[in-house]
Amino acid sequence: MTDMEQLTAMTDENGFIVFQSGLELAPFAYRGQTEDWPCVPALARKEKIEDRLLAACQNIAFQDILSEHPYIVITKNSTFLERPLYVDVSGLAQHYGLATDMLDLTLNFDVASFFATCRWNDERKSFIPIKKAKELGVVYRVMFPLLVDQIPKRATIVGWQALPRPEQQRAVGIRMRAQDDFARWPQVQMIRFRQSKEASLRIFNFFDKGEILFPPDVAADMADEAKKLKYFTPTQIERAWKALEIFDPLTPSGMEQRQSIEKSAEIYTCHELKLSWDRYNIEKDQDKLMAQLQSELSGVKYRRACYL
């Protein structure tokens with residue numbers, strides 16, 4: 001973080017503590033893209049209902065296993081200023097690559113610049129700087145406090161979480177609907193620029209080749225497992241359908257039609273969770289986890305004020 005950035009404790013509308021990372025009173029949120037393609041969440045890019053349903057099931061399954069992570073359990077059961085801490089497992093799922101209804105934004109322009117000048121490489125499983133591009137890069141900018149006021153339950157602060165990625169990315173997000181294109185919203189400004197090999201490499205190295213924004217941790221491996229799942233509990237499948245109903249009101253609702261879609265998507269029912277932390281080398285000692293949490297939150301700033 002820069003000298004002006006910090007973790008700031010805030011109380012959400014439900015009385016939970018969330019920790020915003022970055023500037024306390026950041027006026028803008030940004031999103032960087034290497035091209036001006038439709039600015040929609042990953043779930044909207046899946047056009048077939050079968051693909052959407054499978055992605056929603058995988059997302060739910062990953063959220064469920066995240067809720068069993070020992071550090072997340074400790075965090076959920078802890079307080080700050082006598083208020084419970086909020087763990088955004090949906091926001092975490094987004095930041096670990098699951099297809100969700102959330103669109104990532106950041107309160108930090110440098111972070112947006114990274115995503116505007118570096119693209120994901122499937123073979124290397126990492127971001128690489130753009131060396132040459134015909135299309136213009138783009139950074140979108142929006143007054144985030146304005147969005148929070150206009151769509152209060154859809155514009156969310158992800159910020160610090162019990163796993164590292166969202167804090168490093170100064171993360172905020174918007175829960176989108178199927179018909180939404182963020183770039184076409186009237187509140188959103190667009191900055192186009194020509195890609196430069198030298199600038200891309202400088203930004204890439206500034207973030208330690210992406211390692212700062214994507215620090216290695218076992219949750220990324222668990223996310224890869226979740227993206228391959230085909231077996232889910234009946235409750236997980238039902239929750240996935242409900243999530244799709246919110247995302248797209250045109251989601252099929254008939255039982256027979258849904259069963260046909262599940263069969264076509266090769267979604268199968270099981271009665272036990274298929275994911276587990278047992279084979280991963282993660283800390284489980286509660287005293288050590290509590291000490292880690294206290295250390296991470298020792299520098300949190302707050303003020304007893306109401307932001308209007």
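## Close-up views of a predicted chain

View 1. Asp88, Asp101 and Arg175 are joined to one another in a network of salt bridges. A salt bridge here is a side-chain nitrogen of Lys or Arg within 4 Å of a carboxyl oxygen of Asp or Glu. Side chains of opposite charge can pair when their charged atoms come close. Searching the whole structure turns up 13 salt bridges. Before you look further, note that this is a predicted model, in which local features need pLDDT of at least 70 and side-chain atom pairs count only at pLDDT 80 or more, while totals for chains, interfaces and linings use all residues. Residues are numbered from 1 along each chain as its sequence is written, and side-chain values use heavy atoms, with hydrogens and water left out.

**View 2. The whole chain, as a setting for the close-ups.** You can find eleven helices and 14 strands in the chain; these are DSSP runs numbered from the N terminus, with helices (H or I) of at least four residues and strands (E) of at least two. The C-alpha atoms fill a box of roughly 55 × 55 × 40 Å, taken along the principal axes. Of the 308 residues, 51% are buried. Buried means under 20% relative accessible area, exposed means over 50%, and partly exposed lies in between (1.4 Å probe, protein chains only). Among contacts with a separation of 6 or more, 78% come from residues 24 or more positions apart; a contact means heavy atoms within 4.5 Å.

**View 3. Arg184 meets Asp181.** These two residues form a salt bridge, and their closest N and O atoms are 3.7 Å apart. Are the two partners buried or exposed? Arg184 has 51% relative accessibility, so this residue counts as exposed.

**View 4. A pair within helix H9.** Lys242 and Glu238 form a salt bridge, with 3.5 Å between the closest N and O atoms. Both residues sit in helix H9 (residues 234–247), four residues apart, which is about one turn of the helix. Lys242 is partly exposed because its relative accessibility is 47%. Glu238 is also partly exposed, at 44% relative accessibility.

View 5. The side chains of Arg258 and Glu245 come together in a salt bridge of 2.5 Å, N to O. This pair links distant parts of the chain: Arg258 belongs to helix H10 (residues 255–264) and Glu245 to helix H9, 13 residues apart. Arg258 is buried because its relative accessible area is 13%, whereas Glu245 is partly exposed at 37% relative accessibility.

**View 6. Tyr86 and its neighbours.** Look for Tyr86 in the loop between strand S5 (83–84) and helix H3 (89–95). Which residues does Tyr86 touch, not counting those up to four places away in sequence? They are Asp12, Phe16, Ile17, Val18 and Gln161. Tyr86 counts as partly exposed because its relative accessibility is 34%. The C-alpha atoms of Tyr86 and Ala291 are 18 Å apart, with the two residues 205 residues apart along the chain.

**View 7. Two residues with positive phi.** Most residues other than glycine have a negative phi, and most peptide bonds are trans. Leu81 has a positive phi, near 55°, and is not a glycine. Leu81 lies in the loop between strand S4 (79–80) and S5, and it is partly exposed with a relative accessible area of 37%. Lys209, also not a glycine, has a positive phi of about 60°. You will find Lys209 in the loop between helix H7 (197–206) and helix H8 (218–226). At 55% relative accessibility, Lys209 is exposed.

**View 8. Gln286 in helix H11.** Gln286 has its place in helix H11 (residues 286–296). Its relative accessibility is 57%, so Gln286 counts as exposed. Gln286 and Thr79 are 207 residues apart along the chain, and their C-alpha atoms are separated by 15 Å.
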